[in-house]
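The sequence and structure come first.

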Amino acid sequence: MKKKSSVVIAKPFDKIGQSRVIIENVSPQVEGGLYPAKRVVDEWVGIEADVFTDGHDEVSAVLVYRAAGARKWSEVSMKHIGNDRFQAFFQLDKQGYYEFTIRGFINHVSTWQHAFRKRMQDNDQRELLVQLQIGLDYLQRIATKYAKAKTLAKKWITALQGEDAIQQAASAELEQFIQQFPLEEFATSFEKTLQIVAHRKRAGFSAWYSFFPRSAAQPGSDHGTFKDCELLLPRVKEMGFDIVYFPPIHPIGEAFRKGKNNSLNAGPDEPGCPYATGSKDGGHKDILSELGTLADFKRFIKKAGELDLEVAMDFAIQCSPDHPYVKKYPQWFKWRPDGTVQYAENPPKKYQDVLPLDFENEDWENMWVELKSILEYWIGIGIKIFRVDNPHTKSFVFWQWCLSEIEKEHPDVIFLSEAFTRPRIMENLAKKGFHQSYTYYTWRNSKSELIQYMQDLTQSPMREYFRPNFWPNTHDINPYITQSGHEPQFILRYFLAATLSSNYGIFGPSYELLEHAAIPGKEEYLDSEKYEVRHWDWNHRNKLMHVIAMVNKQRNANTAFHFTNNYQNCFIENDQMMAWLKVYGDNKILCVANLDAYNKQSASVHVPLDAIGKYEGQAYVVHDLITDEKYTWYGSKNYVELDPYRLPFHLFRIEDI
């Protein structure tokens, strides 16, 4: 007798052959789960996936999640939202990492009921009786599986044996019961467990104000101190900011010191550039003596905290030729044949007073530990926010290690990446762990540029890991668009930054005081504070400062502003005007801007009614939260007019009549 051959079928992904459900396109995920998606604590995160099977059976999907390290997993049924796409939400109720995956199975009980309803149309009583018996078997299995469903299951068993059994079997009430207590067999689990990290809320919503502490000097004083900076804290608070950011506060080198306007010939009394860190007085763990003492700095942090302001420091990994590291750790630098160290360059820019560290040196491990210790030192002093200077010119592998190590011990610490560089590099730094990122907003001026950029940030995979921080200026960048000194332009650029993005900042007081003088042909400030001490009229008040205070007040009061990814462009019939909607729960904000800072513009704005819960022709109120004016609108299409010399924008809250 011929022996039967045996066939061995490989089990895909170690799943049994009866598992017929396919799970694809799970979101959010970053690089296939290599990095966590980013959210903030208390945020509801939406999980979606394509879940389907062969044939016509009904499919169910379950979201499975837990806080990382927790013993128990939680489950929630996913809702079918069309085209085989399922969705569910869970809340990130505490800071830290979360894990999730998705399980899918063929819901034979739902399939049975769905088919039963169709069979009712044929009115084949014999077939319906058979189907009722099948349904009774399913109900008995539910009663056996779920102790808490036993009583209700028995009621349904009785109902399917009564006079109106057919109607009961097809009822919506039974459908709800079936969905609540599914019979799950041969389930398919998604092949990966994905991660989400919930950062503290400041990582997702912040308003930064930056200034050079040495320019905080009071009248009659040559150099500002931390005590002078204390006097400016109420001014920062008055404008509504929540983070005060200082450029480097460390000793400044004397070798190759830069003079006014980046001159190579500094005079004996010129202070040098703070980014040329290090001198005979110390390095990155020391303070420039002209600013005060460590005790003075601690006092400044304390005074800021009393006003609910956080202090951010600059972490600039570079050294002046005078930095103690150069003598103590010469192996960390690139030495040239003539016995000098290669200084930093970004052609055509040259930084003769700055020496970059060599991340390929053989002593890299000790260097990494030392650099991390700088952060740990200042964290110990009370700093929880760092703006990192040019992180794209340092090893990405270092950043991934360093930020991960800091997070383990200090999860509240936030890092802002100051990387004006190529898109993929900016994005990778965000994936590596930076909480916020500088952007190209500074150079996005036209309507088409702004809309495209917002879509890139909020509709592409970047939305899951790249938190944009919009700056209309920096101490390095004096944009061409504001070099006119035209106040409506300054107001407009500020408004766009503060309302398009949930994180933004300005470099002051040059911005709010409309400083605009530039080096001819360059986007650089004439008489830049990077190279000299400036003396400002800190007591001056103007319209822009009033607008800043009003907008920040509304940003804090309206939760729709606390997120960036809820941006939705609204069509408006004028290329010089732009409109966008932000909705969070019941809070609905509509912003309209006149991008022409010199001329009055008008148009009809089209509001997506489904996003605000209205229907065509229905009346609602748009309340301008800056001017307190209210207008009654009807339906989706309504007229707006903006005079930039009054205000180049509307900040509307949509309210019911």
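This is a predicted model: local features need pLDDT of at least 70, side-chain atom pairs count only at pLDDT 80 or more; totals for chains, interfaces and linings use all residues.

1. The largest share, four residues, comes from strand 3.

2. The volume of the second largest pocket is about 770 Å³. Its lining comprises 30 residues, and Arg39, Glu43, Arg463, Asn565 and Asn566 are the ones that lie nearest the centre. By residue class, the lining of the second largest pocket contains twelve nonpolar, eleven polar and seven charged residues.

3. Strand 22 covers residues 577-584, with Tyr584 among them. Is Tyr584 buried, partly exposed or exposed? Tyr584 has a relative accessible area of 33% and is therefore partly exposed, since buried means under 20% and exposed over 50%.

4. The largest pocket of the model has a volume of about 1,500 Å³. A total of 48 residues line the largest pocket, and those nearest its centre are Glu345, Asn346, Lys349, Tyr351 and Asn390. Two strands, strand 14 (344-346) and strand 15 (349-351), each contribute at least two residues to this lining.

5. How do the residues of the lining of the largest pocket divide into nonpolar, polar and charged? There are 21 nonpolar residues, eleven polar residues and 16 charged residues in the lining of the largest pocket.

6. Phe190 is placed in the loop between strand 9 (188-189) and strand 10 (194-199). Phe190 counts as buried because its relative accessibility is 12%, and the cut-off for buried is under 20%. Phe190 and Thr101 are 89 residues apart along the chain, yet 6.2 Å separates their C-alpha atoms.

7. For the protein chain as a whole, the secondary structure comprises 15 helices and 28 strands. The C-alpha trace spans about 105 × 75 × 45 Å along its principal axes. Of the 657 residues in the protein chain, 55% are buried.

Note on methods. Residues are numbered from 1 along each chain as its sequence is written. Side-chain values use heavy atoms; hydrogens and water are left out. Buried means under 20% relative accessible area, exposed over 50%, partly exposed in between (1.4 Å probe, protein chains only). On a 1 Å grid over the protein atoms alone, a cavity is a set of points where a 1.4 Å probe fits but cannot get out, and a pocket is an open set with protein on both sides within 12 Å along at least five of seven lines; lining residues have an atom within 4 Å of a point. Grid points are joined across faces, edges and corners, and a volume is the space filled by probe spheres set on the points. Ala, Val, Leu, Ile, Met, Phe, Trp, Tyr, Cys and Pro count as nonpolar, Asp, Glu, Lys and Arg as charged, and the others, Gly among them, as polar.
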